Amino acid sequence: ARHLPCESAHPCREVSAGWRCRPCIGRTGSPKLNAASEFRDCGRASRCRMLRFSPLSAGQVEDVLRREAPQADAATRAAAIAAAEGSPGAALEFVEQDLGALHLLMQRILDEGDEGFALRGLLAEEIGARPSRERQQAVCDLARAVVAARLGQGDRAAQARIIAAHGDLVRLGAQLPTFNIDPGLVAMEIGGLLAGLALPRETTR
């Protein structure tokens with residue numbers, strides 16, 4: 001590697017042939033290398049620091065909702081708190097989606113199962129025939145949070161099913177912003193994953 005002085009105050013001094021770290025380029029404009037050069041982060045480059053904030057407790061998030069969204073009823077607040085996972089900003093966004101009824105339906109499917117698909121039909125109706133991508137994403141995030149809250153319950157087999165369902169919801173959530181998925185199928189997929197966690201209880205009746 002060649003060592004060349006940066007034209008900025010950037011601490012990085014190491015530049016391999018054909019390489020220069022991005023932060024140096026950001027401060028100095030185009031690097032004095034040929035146009036075909038590629039650029040690599042040096043790992044020491046940026047003066048920016050990442051600050052991580054711990055999630056707020058459910059009580060703290062509820063205090064924010066009561067102050068900033070006084071119109072939200074108890075069910076809506078509970079759904080927003082569950083889906084937001086300690087983020088008051090996310091909770092306020094979830095309040096706008098009015099997820100209270102959906103939250104109760106999801107919990108009911110987990111508790112009772114849905115052998116006749118009736119609850120899944122109600123879930124689809126509550127989500128809406130033409131929901132926005134933001135609403136679909138919020139519903140998926142809520143379902144993921146509801147499933148994750150059950151992780152400490154049941155035996156190892158039940159916990160394995162919960163983990164698998166959570167992974168499926170994570171994948172679905174990653175697809176929703178870009179995939180063109182029919183909203184009804186999204187509702188059935190979410191409802192099916194929730195109902196699947198209650199199946200052992202159904203088969204023992």
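The model is predicted, so local features need pLDDT of at least 70 and side-chain atom pairs count only at pLDDT 80 or more, while totals for chains, interfaces and linings use all residues. Residues are numbered from 1 along each chain as its sequence is written, and side-chain values use heavy atoms, leaving out hydrogens and water.

**Exercise 1.** Find which residue caps the N-terminal end of helix 3.

*Solution.* Start at the backbone nitrogen of Ala75. A side-chain oxygen of Asp73 lies 3.3 Å from that nitrogen, and Asp73 is the cap.

**Exercise 2.** List the buried residues of helix 3 and the helices they pack against.

*Solution.* Step 1: apply the cut-off for buried, under 20% relative accessible area with a 1.4 Å probe, protein chains only. In helix 3 (residues 74–84) this gives Thr76, Arg77, Ala79, Ala80, Ile81, Ala83 and Ala84. Step 2: look for contacts, meaning heavy atoms within 4.5 Å. These buried residues pack against helix 2 (58–68), helix 4 (88–97), helix 5 (100–112) and helix 7 (133–148).

**Exercise 3.** Describe how helix 3 and helix 4 pack.

*Solution.* Step 1: with axes fitted to C-alpha atoms over the stretch in contact, and angles running from 0 to 180 degrees between N-to-C directions, the angle is about 135 degrees and the axes are 8 Å apart. Step 3: Thr76, Ala80, Ala83 and Ala84 in helix 3 meet Ala90, Ala91, Phe94 and Val95 in helix 4.

How values were computed. Buried means under 20% relative accessible area, exposed over 50%, partly exposed in between (1.4 Å probe, protein chains only). Helices (H or I, at least four residues) and strands (E, at least two) are DSSP runs, numbered from the N terminus. A polar contact is a pair of N or O atoms within 3.5 Å; within protein, one must be able to donate a hydrogen and the other to accept it, and residues adjacent in sequence count only if both atoms are side-chain atoms.
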